[in-house]
Amino acid sequence: MPVLSASQELGMIYRSNLDSDIKTERSGLKNYKLIEPGDFVIHLRSFQGGFAYSDKRGIASPAYTVFTFKDKTNHDDYFWKEKFQTYNFIQLLKQVTYGIRDGKSISYSDFSTLKLTYTSKKEQVQISKCLKQINSLLSLQQRKLELEKQLELYVTDDLLVYETESKIIPKVRFNSFCQSWKKVKLKEIIGKIQSGNRLPKTNLEEGSIPYILAQSKNNGIYMYISKDTLDFNGNALKLFPADSITFSIDNPQAIYYQPEPFYTSNIMRVIHSQHLNKFDYMFIIMNLKKYTKEFDWSRKFSGPVVSNLQVSIPGNIDERRKIGKLICKIQLHRLLDEKAKREIIKLKRFLLQNLFI
């Protein structure tokens with residue numbers, strides 16, 4: 001496999017500055033470069049790099065190096081587009097930028113000293129074909145996730161939006177139900193809202209029980225801690241049961257259903273009632289999320305605020321649970337698809353590390 005510098009030996013052409021006609025027409029464009037379709041654009045400042053492949057005409061500032069291949073018959077653009085984003089190539093860039101003070105851009109002459117490996121045009125095309133399929137699959141997976149998110153919003157907006165002229169009914173409902181809904185305070189359904197323990201992070205001891213914080217990922221799980229962990233006052237932590245809701249007093253994104261016993265902090269609140277099941281909780285969560293969109297977050301989303309929240313619920317408990325079950329199915333599909341997306345990303349990273357040298 002050839003190893004050549006990124007100069008004329010590899011067939012690279014570096015774009016010069018804009019011609020005088022363009023400079024005259026566009027004032028203040030001294031040292032700017034013209035970008036043509038099929039050009040590669042590199043921007044570097046110290047150890048930070050940026051790369052782009054252009055599919056349209058444009059203009060690049062002096063901080064960018066713009067280049068293309070003189071003989072396109074020997075190179076596949078997609079191959080190089082992917083290669084220039086690999087870990088190994090970024091490490092090469094770092095070698096070139098080593099010692100350059102922050103704020104100074106690498107010049108095209110510095111870039112041209114890079115030693116690049118490449119293969120035949122035929123093999124480049126095959127590698128590109130493989131990566132295009134992976135990227136296409138990744139795009140489809142992302143689109144699927146976006147559609148699932150839209151479906152969940154539809155459920156929230158139409159199954160939980162109510163007409164209030166003569167009857168309380170949702171815009172859309174299941175065919176088997178026809179009873180009117182009723183408006184109640186949430187505390188009539190959920191009972192008492194509890195809070196967690198004040199627990200400094202210095203007190204955390206690793207273990208097997210989820211510790212829930214006001215974070216917008218991983219179902220709120222910050223880490224797994226020991227059952228022997230003590231709170232700020234040296235007391236044992238409250239162990240909350242499975243089938244509960246946790247929500248933050250100041251983060252609208254941190255509202256979760258908890259499927260297993262857990263600990264949580266004093267800035268979190270917990271909803272748990274013996275007469276509620278998972279589908280009841282999902283119905284309640286959708287109401288909470290809907291309410292947080294209009295909530296004035298200059299004040300706390302406290303237990304009393306949530307307890308006195310006015311919600312509309314079906315007169316038939318089976319309808320409420322059927323809505324909750326539908327939400328569960330949507331979220332389960334989304335979780336599985338998010339996992340599939342992560343696996344595709346891992347596969348692409350593996351290929352990028354191993355298809356290129």
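Me: Which helix does arginine 320 lie in?

Reply: Arginine 320 lies in helix H9, which covers residues 317-355. Helices (H or I, at least four residues) and strands (E, at least two) are DSSP runs, numbered from the N terminus. The model is predicted, so local features need pLDDT of at least 70 and side-chain atom pairs count only at pLDDT 80 or more, while totals for chains, interfaces and linings use all residues. Residues are numbered from 1 along each chain as its sequence is written, and side-chain values use heavy atoms, with hydrogens and water left out.

Me: Why is arginine 320 called buried?

Reply: Its relative accessible area is 8%, and buried means under 20% (exposed is over 50%, partly exposed in between; 1.4 Å probe, protein chains only). The value falls under the cut-off, so arginine 320 is buried. In the protein chain, 44% of the 357 residues count as buried.

Me: What is arginine 320 in contact with, leaving aside its neighbours within four places in sequence?

Reply: Its contacts (heavy atoms within 4.5 Å) are Ile189, Leu276, Phe279, Asp280, Phe283, Ile313 and Pro314. For the protein chain, among contacts between residues at least 6 apart in sequence, 67% join residues at least 24 apart.

Me: Why does asparagine 219 count as partly exposed?

Reply: Its relative accessibility is 29%, so asparagine 219 counts as partly exposed. Asparagine 219 sits in the loop between S13 and S14, and its phi is near 60°, a positive value in a residue other than glycine.

Me: What makes aspartate 243 partly exposed?

Reply: The relative accessible area of aspartate 243 is 31%, which makes the residue partly exposed. Aspartate 243 is found in the loop between S14 and strand S15 (244-248). The phi of aspartate 243 is near 60°, a positive value in a residue other than glycine.

Me: Which element gives the most to the lining of the largest pocket?

Reply: That is H9, with 8 residues. Helix H5 (121-159), strand S16 (255-258), helix H7 (278-292) and H9 each supply at least two residues of this lining.

Me: How many residues line the largest pocket, and which lie nearest its centre?

Reply: The lining has 34 residues, and Ile255, Tyr256, Lys289, Gln331 and Arg334 lie nearest the centre. A pocket is an open set of points on a 1 Å grid over the protein atoms alone where a 1.4 Å probe fits, with protein on both sides within 12 Å along at least five of seven lines; lining residues have an atom within 4 Å of a point.
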